[in-house]
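This briefing goes with the sequence and the structure shown below. It begins with one residue and its surroundings, then turns to other local features, the chain as a whole and model confidence.

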Amino acid sequence: MNIYILIIYCLLALGTTHAQNKKIDSLNRLINTAATDTARINLIVKKIDLLSYINLDSGINLSKQTLVTAQKINYYRGEVDLRQKLASNYCFKGAYGPAAEHLNFLAHFIKPTKDSSDFAQLYGNMGMMYGMQSRYDSSIYLFDKAIGILERSGNKSDLPSYYSNIAIAFQQQSNFPRALSYQQKALHLAELNKDEVNQSYTLMNIGNTYEGLRDSARAEAHFLKAIALAKKKSLKNVELYGYSNLASLYTKQNKWKLVLEFATKAADLGGSMGDQGIQAASMSKAATALAYINKPAEAEALAKRAIVIADSSAQPLNIYQAYSTMGSILKIKGSYAAAIPFYEKGFLSLKGSDILSEDNGSIYNELSECYEKTGNYIKALQNYKIGTQITDSTRSKDNIQKATELTMNYEFEKKEQVQQAEQKAKDEVSVARQLALIIGMALTFVLAVTAFIGFKNKQRANALLKHQKKEIEQTLTLLKSTQAQLVQSEKMASLGELTAGIAHEIQNPLNFVNNFSDINKDLLLELKEEFVKGNVNEVTAIADNVISNEEKINHHGKRADAIVKGMLQHSRSSSGQKESTDINALCDEYLRLSYHGLRAKDKAFNAIIKTDFDERINKINIISQDIGRVLLNLINNAFYATAEKKKKSGNENYEPTVTLSTRQTRSLSGGQGVEIRVTDNGAGVSPAIVDKIFQPFFTTKPTGQGTGLGLSLSYDIVKAHGGEIKVESKEGEGTSFIIQLPIV
């Protein structure tokens with residue numbers, strides 16, 4: 001099974017410092033001699049910062065004790081800082097209930113200030129809590145609010161940790177370009193501030209991103225550099241995650257002794273720090289390594305311990321990993337029936353999270369095999385289908401290609417039969433004529449007989465030709481029917497590609513609807529409490545919040561509705577009726593859907609997308625479903641060309657780029673038109689085949705990856721609209737497809 005790379009969130013605490021025993025001793029002396037209670041609490045807050053890097057339980061216990069004192073003397077600043085640190089440490093502990101209680105209290109307790117730094121920290125802690133629960137859309141939303149506050153206030157000392165943490169959410173959604181962008185910002189600021197603590201955190205997360213991009217060499221280099229800084233600054237938590245991530249990296253390389261070494265280090269350090277999530281994850285990795293070095297009994301015992309600790313952490317990824325690891329170990333032993341409940345519990349732990357991973361496919365296949373071995377073939381088939389859907393997205397295109405090849409072979413064989421029949425008929429007529437001529441020269445009677453024989457032979461030849469003509473007409477009818485089926489299959493293939501993009505598009509508004517609904521539930525419960533107390537102002541304020549959230553729910557619901565309607569419109573058979581359409585909006589929609597569809601099939605795929613839309617263009621009359629299919633086909637081809645060049649060139653500096661532009665044009669006759677241009681910087685098209693690319697069944701893609709129908713159908717659709725489609729290409733530099741449509 002594949003082991004997930006673990007992420008590391010930077011502690012969102014003001015005045016973050018590294019943990020050193022000498023500093024703690026120095027703070028203890030200052031705390032004992034503090035002149036006032038408030039001064040003592042401020043020093044304890046700094047001490048809690050240091051303890052949080054060494055032992056979470058120690059930091060939590062000291063925070064709870066000091067909070068009681070701060071409440072007794074009504075020290076506002078102390079209570080805010082202590083609750084922020086409790087929320088943060090509870091999150092790392094995996095205790096999300098107590099963390100949420102402190103965050104909800106602070107949301108109503110914090111007083112508005114000019115720089116709003118307390119609110120920035122509150123949003124950051126909330127974003128971290130949602131991220132650790134795999135609710136990444138909510139995490140991004142909250143971190144973005146925190147970053148906005150800090151950027152507006154010019155607070156560069158705290159920004160690196162927020163940049164690094166929002167990058168984690170993008171990274172877990174496989175949006176690696178956005179993740180790297182924020183991580184580079186974080187590293188740059190940390191270096192400017194000479195902040196080696198945040199440098200260590202950020203280097204660790206950059207290593208995770210490179211691991212997601214399958215760049216193992218860079219990932220390993222960043223992990224080792226982060227560990228070196230962590231040891232220098234005594235950052236036990238960064239050192240812990242470094243060991244864990246190296247164990248995951250070596251797992252993918254099947255270096256099981258190194259996996260066992262670093263996973264054991266991570267598990268021991270996680271246990272001493274009270275970090276149950278990382279402890280359980282590291283034990284799971286070590287158990288997997290033991291299984292592969294033929295120590296099944298030790299592997300099973302360690303996996304059981306990992307499950308107990310993972311359940312206590314309440315972190316979905318760690319729970320999933322622990323249970324699925326036990327399932328894999330039992331499967332290796334041949335204990336198929338015993339393995340099934342562990343696989344099922346692992347998948348159940350991911351229910352309701354934002355995690356979308358292609359790695360789950362192999363685990364579903366393992367579960368399918370266990371059901372098959374135990375005789376439950378229905379369950380085996382169900383899980384095999386799920387695994388196959390995750391890992392296989394080219395089967396439909398392979399089937400279309402095979403059908404096309406069969407049809408072409410059938411047509412060729414029939415043509416050969418017709419030619420042979422015609423030649424045979426000609427030969428028979430020629431023989432008959434020669435025979436008649438020879439006999440005629442000899443005897444008149446023989447001439448009459450020969451003429452009669454020749455006439456009969458001609459009749460047979462004509463009958464044979466009529467029969468062959470009938471067969472040819474039947475073959476032509478069959479070919480037309482097959483071609484119509486292939487065209488429909490191509491359309492369904494494009495709909496399948498759109499479905500992946502639309503699923504990604506619709507997930508975002510639905511997450512917002514769910515999150516704001518949960519918030520409203522809590523607000524309404526609080527409203528009831530305040531109503532009973534008679535706090536009219538609080539009731540009004542809460543009601544305003546509920547109304548605001550309902551407006552957001554309505555807004556995102558309409559977003560989802562619009563996406564669904566767009567999908568239904570695309571999937572509906574074209575009515576042939578033209579309608580007024582915003583061509584810029586249509587281009588933008590299919591560009592996004594194409595990109596998300598390809599990303600859903602290949603998480604490693606990335607490209608730079610550029611748009612240049614002419615705002616002067618008014619709505620034009622087109623059949624939007626048909627033009628949408630043309631755009632989808634051209635954009636998919638552009639992304640394919642850049643991806644292939646990236647794979648074959650091996651040039652790390654090459655950046656795949658696809659540009660979509662529109663502009664208003666004017667013909668020589670004075671009529672207005674629209675030009676749509678799809679440009680890529682791929683390998684280009686050879687001049688020898690440029691003239692063939694619009695021919696039916698012609699494709700430059702390998703067998704199984706292209707049908708040769710896409711560009712042919714696009715050509716027919718554009719011509720039916722009274723327009724033209726052209727191609728411009730330079731081999732080795734890129735290709736542009738230009739669509740010209742009249743404005744009617």
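**Tyrosine 595 and its surroundings**

Tyrosine 595 touches Phe605, Asn606, Ala607, Ile609 and Phe639, with residues up to four places away in sequence not counted; a contact means heavy atoms within 4.5 Å. This is a predicted model, in which local features need pLDDT of at least 70, side-chain atom pairs count only at pLDDT 80 or more, and totals for chains, interfaces and linings use all residues. Residues are numbered from 1 along each chain as its sequence is written, and side-chain values use heavy atoms, leaving out hydrogens and water.

- Tyrosine 595 lies in helix α23 (residues 583-601); helices (H or I, at least four residues) and strands (E, at least two) are DSSP runs, numbered from the N terminus.
- With a relative accessible area of 13%, tyrosine 595 is buried (buried is under 20% relative accessible area, exposed over 50%, partly exposed in between, with a 1.4 Å probe and protein chains only).
- Asparagine 636 is 41 residues from tyrosine 595 along the chain, and their C-alpha atoms are separated by 7.9 Å.

**Glutamate 344**

- Helix α17 (residues 336-349) holds glutamate 344, which counts as partly exposed at 29% relative accessibility.
- Beyond residues up to four places away in sequence, glutamate 344 touches Leu367 and Tyr371.
- Glutamate 344 and tyrosine 364 are 20 residues apart in sequence, and 9.5 Å apart C-alpha to C-alpha.

- The buried residues of α13 include Trp256, Phe262, Leu269 and Met273.
- These buried residues of α13 pack against α3 (56-72), α12 (236-252) and α14 (276-292).
- Just after α13, glycine 274 has a positive phi of about 80°.
- Leucine 240 touches Ala266, Leu269, Gly270, Met273, Asp275 and Ile278, not counting residues up to four places away in sequence.
- In the largest nonpolar core, which has 65 residues, Leu240 and Leu246 touch the most other members. Such a core is a set of buried Ala, Val, Leu, Ile, Met, Phe, Trp, Tyr and Cys residues joined through side-chain atoms within 4.5 Å.
- A second, separate core of 59 residues includes Ile24, Ile31, Leu106 and Met128.

**Strand pairing**

- Strands β4 (residues 657-666) and β5 (residues 672-680) run antiparallel and are joined by 9 bridges; two strands pair if DSSP finds at least two bridges between them.
- Threonine 662 has isoleucine 676 in β5 as its bridge partner.
- β5 is also joined to β7 (residues 734-742), by 8 bridges in an antiparallel arrangement, and valine 674 has leucine 741 in β7 as its bridge partner.

**Chain totals and confidence**

- The protein has 26 helices and 7 strands, and 49% of its 744 residues count as buried.
- Among contacts with a separation of 6 or more, 67% are between residues 24 or more positions apart.
- The mean pLDDT of the protein is 80, and 80% of its residues reach 70 or more; pLDDT is the predictor's confidence in each residue, from 0 to 100.
- Residues 1-6 have pLDDT below 50, and this stretch has 34 contacts in the model beyond near neighbours in sequence.
- Residues 11-19 also stay under 50 in pLDDT, with 39 contacts beyond four places in sequence.
- Where pLDDT is low, predicted coordinates should not be read in detail.
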